[in-house]
Amino acid sequence: MKTILTDARSRKQRALSEYDSKRVIAAAGVPMPREELVASKDDALRAAAAIGYPVVLKGCADTLLHKTEKNMVFLNLASPDDVGDAYDRITGAGEPLDGVLVQEQVRGGRELVIGMVRDPQFGPCVMFGLGGVFTEVLRDTTFRVAPLSREDAAEMLDEVKARALLGEFRGQPAVDREALIDALVGIGALALENDEIAEIDINPIIVAGDRPVAVDAVVVLRRE
Amino acid sequence: MNLESFFNPKSVAVVGASNTPFNLAATICNILKYKSYHGAVYAVNRKAEEVHGCPGYASVKDIPGEVELAVILISAKQVPGVVRECGEKGVRGVIIESAGFSEAGPEGQAMQDEIDGYLKKYNMRMLGPNCLGVLNAANSFCCFYGIIPGRYGDGFSTPGTVSYIIQSGGIGALVLDSFNKDVCKVNKAVSIGNMADVDESDLIEYFNGDGTEVIGLYLENVRNGRKLMDTARRVTKPILAFKVGRTSEGSAAAASHTAGMANNDIVFDNACRQAGIIRLKSISELHAMPKMFTTMPLLRGKNIAVMSNSGAFGGIAADLLIESGFSMAKLTPATQERLAKTGQLFNVKNPVDLGPTLNKQTFVDIFDILLSADEVDGLLPVPNVWLDVVIEAILELMAMCRHYNKPAAIYIPNAIDRILTIREKHGIPTFESPEEATRALVVSHQQYRYLQKKETGNHENDLNRRAKPEAACAV
């Protein structure tokens, strides 16, 4: 994990690619979807078959911070034809890419966010809240200064207005609180141990059944 | 150095005090003499002239004998030289009240750096710069400049147990003035200014061991957030903080959504919860809330009973309590039966409505029944005082609260001058509005929960500390 960070810094990257970001935060204890980074259409098809349809294809590069706006995200691909087509459109857009990310299509109606930011006076702070496209509109989030105790993390889950979403919700089971607590504590520790990480966004975390899964993430690096 | 030199110096030099008209430093000599401060007070000015009866010298170094503390109020560019002289003289602490340092650009910063060098070289501590100084009501030491003898006299003639760390002179004056008509009084107050050396955390630590019962903070910025949190976690006295100044410093260069969501104020708010600091909602709470801690036990649960002589106030209080996350205590049939036996109550359910009761014993019985009930954690009594017997009953209530170890946040629904008179004359910790009384219950319960958390945390730290040597042996 440290290698990913030091390599990116030596290449003067502003951020890690989605794939590398996820490898770093997965090491901190955040649950990930099944996914694979591929560099050919054949590998994309093989990966899709291995993961199981439907899948998601995304262009992957450290410079690609707004994938959706650049038409680099294709959801709900149900067949090899769809995957091949999406692969062509991603690679044909003329953006520099590390590869194409083939990811399981995670289904769930609940979207959460976990983040990290460094405050000038308090140092690394971990955020938890309502995720998805409305995060910044509804601003239903709460922060804790790292390191977080498990009790701190548990309080965060109970503090947001959307806390009812974490219980049993519209036929879905209650969210695995321990998994969320592990992730919050882990992100705090990751930030304390790695000064080169400036900010982290894990958004959305989709709740599939009771399992929170980090569907998208970005690790922003400190600038010199 | 122990911070004690700032609050109880055996000898103090007021640098800049002279007989020039409107000289601010001279007001410090004046108030110290007026309050008959027990230590030696010297004036330092160019002409070496005596000021308000304090012998004058041209330099700190000319003063015969020891100088423990120097209070400096001269133009900024002269300050570094004076600090060096203080170091050479063996002064333990300096309070720099002058402005014009780090807040005034690179030139001011350079002077600050020079001062920092002298502090280190001579092992001195510094309060300020750009501050109002220190007040210690217990020994009448006061180096706030501009205080006119007699005008604020009452504010600190009776020493109390509430200590303040205040980053603004104006707020300091307001808070001290507000205690004139309150049941608790000030122990110490410090205006911290730029906090170039001694900061809010150092002072919280000091107030944890000086007889202070409640610590109040007014902050515009935090110097070292992590140090503040570490200190607050160790301190078990209530720390009440009011903070202003939302900054966009943190989000200016934000690349992520998370950074866009964070601002310094939100982070501060959550850090307070984490470290056990009670965040106040208004500036008046700085002087209104401490009495809840100095006169009442902590609120251990969330079930509140309301009693009043008027259904209206019962309803108002119930709304406020529910909005604040409390529950209206559900009185058991047994409790209701006991209440019914006290007389002609309008309502024996919560909120309990006494109607226009005239009998002192009825009040006392109701207080006793409610406080002794297991289903009640605390009381919000709203007794209208139209007879002196009500005051007598409230005085008994205060003793009952201690007996049952449950608090009452008292609100007396009379006109404000009546409330203040009752509070001052009888020492009843009544709040000035139902909103304020509700907030008092909120902060009391918050402190109770913080204490539980701090005790667990400190216990765990002890265990870890004890476990470590054994682990080392095993390896």
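How many residues of chain B are in contact with how many residues of chain A? In this predicted model, 21 residues of chain B are in contact with 26 residues of chain A, two residues being taken as in contact if their C-beta atoms, placed from the backbone, lie within 7 Å. Helices H7 (225–234), H8 (257–261) and H9 (264–275) of chain B are the elements that give two or more residues to the side of chain B that touches chain A, and the largest share, 6 residues, comes from H9(B). Helices (H or I, at least four residues) and strands (E, at least two) are DSSP runs, numbered from the N terminus. By class, this side of chain B has 9 nonpolar, 10 polar and 2 charged residues, where Ala, Val, Leu, Ile, Met, Phe, Trp, Tyr, Cys and Pro count as nonpolar, Asp, Glu, Lys and Arg as charged, and the others, Gly among them, as polar.

Residues are numbered from 1 along each chain as its sequence is written, and chains are lettered from A and ligands numbered from 1 in the order in which they are written. Because the model is predicted, local features need pLDDT of at least 70 and side-chain atom pairs count only at pLDDT 80 or more, whereas totals for chains, interfaces and linings use all residues.

Chain A is divided into domain 1 (2–31 + 108–221) and domain 2 (35–104), with bounds that come from an automatic or database domain assignment. The contact between these domains takes 8 residues from domain 1 of chain A and 8 residues from domain 2 of chain A, and the domain 1 side divides into 5 nonpolar, 2 polar and 1 charged. The C-alpha centres of the two domains of chain A lie 24 Å apart.

Chain B has 17 helices and 17 strands, and its C-alpha atoms fill a box of roughly 80 × 65 × 45 Å, taken along the principal axes. Of the 475 residues in chain B, 49% are buried; a residue is buried if 20 or more other C-beta atoms lie within 10 Å of its own, exposed if 12 or fewer, and partly exposed in between. Among the contacts in chain B with a separation of 6 or more, 71% are between residues 24 or more positions apart.

Strand S4 (residues 69–72) of chain B is covered on both faces, with B:Leu69 and B:Val71 buried on one side and B:Ala70 and B:Ile72 buried on the other. Strand S1 (residues 11–15) of chain B runs parallel to S4(B) and is joined to it by 4 bridges, strands being paired if DSSP finds at least two bridges between them. S4(B) also pairs in the parallel sense with strand S5 (residues 93–96) of chain B, over 4 bridges. B:Leu69 is the bridge partner of B:Val12 and stands opposite B:Gly93 in S5(B). Together with helix H3 (residues 79–89) of chain B, S4(B) and S5(B) make a right-handed β-α-β unit, the path from the first strand over the helix to the second running clockwise with the strands pointing away from the viewer.

Helix H6 (residues 200–207) of chain B is mostly covered, 6 of its 8 residues being buried. These buried residues, which include B:Leu203, B:Ile204 and B:Phe207, pack against strands S9 (162–166), S10 (186–191), S11 (214–219) and S12 (239–243) of chain B and against H7.

B:Gly343 lies in the loop between helix H13 (333–340) and strand S16 (352–353) of chain B, and counts as partly exposed because it has 15 C-beta neighbours inside 10 Å. Leaving aside neighbours within four places in sequence, B:Gly343 is in contact with B:Thr357, B:Asn359 and B:Thr362.
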